[in-house]
Amino acid sequence: MLSDEETNTEPSTSETTNLATSSTNRATDDEDQRQSTSVVDPNAGALEVPEDKSLANTDEYIRLRVITSDMTNEVHFRVKAATALVRLKRSYCSKLGFQVDELRFVFDGHRITDEDTPKSLGMINDDVIEIYQERTGGM
């Protein structure tokens, strides 16, 4: 004959408690994971790197005004501080139909060379570059 224990298909109360506790633990673990993902700081563990001022200035743009000597024509340019001013010269000349060697570009009384940059000349926003007709010859 079969005993009650053998025919009983329901788990004992201690087994039921363990199953309920483990499923409750899994539910709490899932909630903890959901909460932890929603609360996690995206910058946690990120290193803060101080900005290198020399690198930051290379991408800085400067507004420059290019004015003819008789003040009849003014053109505005926006250039990077580290860009050679030969690009500005070429652009100006192509827009107005001049050759680069026909004009003299001057900033603060000094002729601008092809290798000069706004940074090397100490230019700031709205600085003025003057343009003069190049003259050759003499006695």
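In this predicted model, the side chains of Arg63 and Asp126 form a salt bridge, with an N to O distance of 3.1 Å. Arg63 belongs to strand 1, whereas Asp126 sits in the loop between helix 5 (118-121) and strand 5, so the contact ties together parts that lie 63 residues apart in sequence. Arg63 is partly exposed, its relative accessible area being 42%. Asp126 is likewise partly exposed, at 37% relative accessibility.

Strand 1 covers residues 61-68 and runs antiparallel to strand 2, residues 74-80, with seven bridges between them. The hairpin made by strand 1 and strand 2 has five residues between the strands, and Met71 there adopts a positive phi near 60°. Strand 1 also pairs with strand 5, residues 127-133, this time in the parallel sense and over five bridges. Val66 can be followed to both partners: Val75 is its bridge partner in strand 2, and Ile129 stands opposite Val66 in strand 5.

The Arg63 to Asp126 contact is one of four salt bridges in the structure. Another joins Asp114 and Lys89, whose closest N and O atoms are 3.1 Å apart. Lys89 is part of helix 4 (residues 86-96) and Asp114 of the loop between strand 4 (110-111) and helix 5, so this pair ties together parts separated by 25 residues in sequence. Which of these two side chains is buried and which is partly exposed? Lys89 counts as buried because its relative accessibility is 8%, and the cut-off for buried is under 20%. Asp114, at 36% relative accessibility, counts as partly exposed.

A further salt bridge involves Glu134 and Arg111, with 2.4 Å between the closest N and O atoms. Arg111 lies in strand 4 and Glu134 in the segment after strand 5, so the pair ties together parts 23 residues apart in sequence. Glu134 has 26% relative accessibility and counts as partly exposed. Arg111 counts as partly exposed too, at 46%.

Technical notes. Residues numbered from 1 in each chain as written. Predicted model: local features only at pLDDT ≥ 70, side-chain atom pairs only at ≥ 80, totals over all residues. Heavy atoms only, no water. Pairing = 2+ DSSP bridges. Helix = DSSP H or I, 4+ residues; strand = E, 2+ residues; numbered from the N terminus. Buried < 20%, exposed > 50% of the residue type's maximum accessible area, 1.4 Å probe, protein only.
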